[in-house]
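Thanks for coming. I have one structure to go through today, so let me put it on the screen.

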Amino acid sequence: MLAPTYRPRAAYDIESAVIYIGVILDSPQAARTWYETLVAKVDLLCEFPDLGRRFDDERLSTSGMQTYLVGSYRLFYSYGEDGLTVWRVVHASQDIDDYALVDLAD
């Protein structure tokens, strides 16, 4: 089983989603449930990394990503011998461009 690693932008995405659901939508239980579901899905992907769909968009320069839907959020990840890397977690209604998937320094 692969070990997960969360890139800084993915951690920020997750924190933002939890705050939005829990505080803005005033639903702390829904935020907790969403977070627990996300962690469970990442664990599932660590065990079966090919469950996600390959994310190739000819308009973007990024390649080799996989995507997996967790509720109304898209999880972008890659995997290899070193483990599974979660790059972003974005709402499905958001547009994805090159900048959305660029790697930022830790």
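Start with Leu84, which touches Leu2, Ala3, Pro4, Thr5, Val42, Leu45, Cys46, Pro49, Tyr77, Ser78 and Tyr79, leaving aside residues up to four places away in sequence. Contact here means heavy atoms within 4.5 Å.

Before going on, the ground rules. This is a predicted model, where local features need pLDDT of at least 70 and side-chain atom pairs count only at pLDDT 80 or more, while totals for chains, interfaces and linings use all residues. Residues are numbered from 1 along each chain as its sequence is written, and side-chain values use heavy atoms, with hydrogens and water left out.

Back to Leu84. Along with Trp34, Leu38, Leu75, Val86 and Val89, Leu84 is among the residues with the most contacts inside the largest nonpolar core, which has 19 residues. By nonpolar core I mean a set of buried Ala, Val, Leu, Ile, Met, Phe, Trp, Tyr and Cys residues joined through side-chain atoms within 4.5 Å. Buried is under 20% relative accessible area, exposed is over 50%, and partly exposed is in between, with a 1.4 Å probe and protein chains only. At least two residues of this core come from each of α1 (8-24), α2 (28-47), β3 (65-70), β4 (73-80) and β5 (83-91). The element that gives the most is α2, with 6 residues. Helices (H or I, at least four residues) and strands (E, at least two) are DSSP runs, numbered from the N terminus. There is also a second, separate core of 5 residues, including Phe55, Met65, Phe76 and Trp87.

Now the sheet. An open sheet of 5 strands has the order β1-β5-β4-β3-β2, with mixed pairing. Two strands pair if DSSP finds at least two bridges between them. The edges are β1 and β2, each with a single partner strand, so one side of each has no neighbour in the sheet.

Which way do the pairs run, parallel or antiparallel? β1 and β5 pair in the parallel sense over 3 bridges, and Tyr6 has Val86 in β5 as its bridge partner. β3 and β4 are antiparallel, joined by 5 bridges. Val70 stands opposite Tyr73 in β4. The hairpin of these two strands has 2 residues between them, and Gly71 there takes a positive phi near 65°. As for burial, 5 of the 6 residues of β3 are buried, so β3 is largely enclosed by the rest of the structure.

On to the helices. α2 lies across β1, β3, β4 and β5, and α1 lies across β1, β4 and β5. In α1, the buried residues are Arg9, Ala10, Asp13, Ile14, Ala17, Ile21 and Gly22. Their cover includes β1 (4-6), α2, β4 and β5. After α1 comes Asp26, with a positive phi near 55°.

Last, charge. How many salt bridges are there? The count comes to 1, taking a salt bridge as a side-chain nitrogen of Lys or Arg within 4 Å of a carboxyl oxygen of Asp or Glu. The side chains involved are those of Arg88 and Asp13, at 2.6 Å, N to O. Arg88 sits in strand β5 and Asp13 in helix α1, so the pair ties together parts that are 75 residues apart in sequence. Both Arg88 and Asp13 are buried.

Key:
Axes fitted to C-alpha atoms, helices over the stretch in contact; angles between N-to-C directions.
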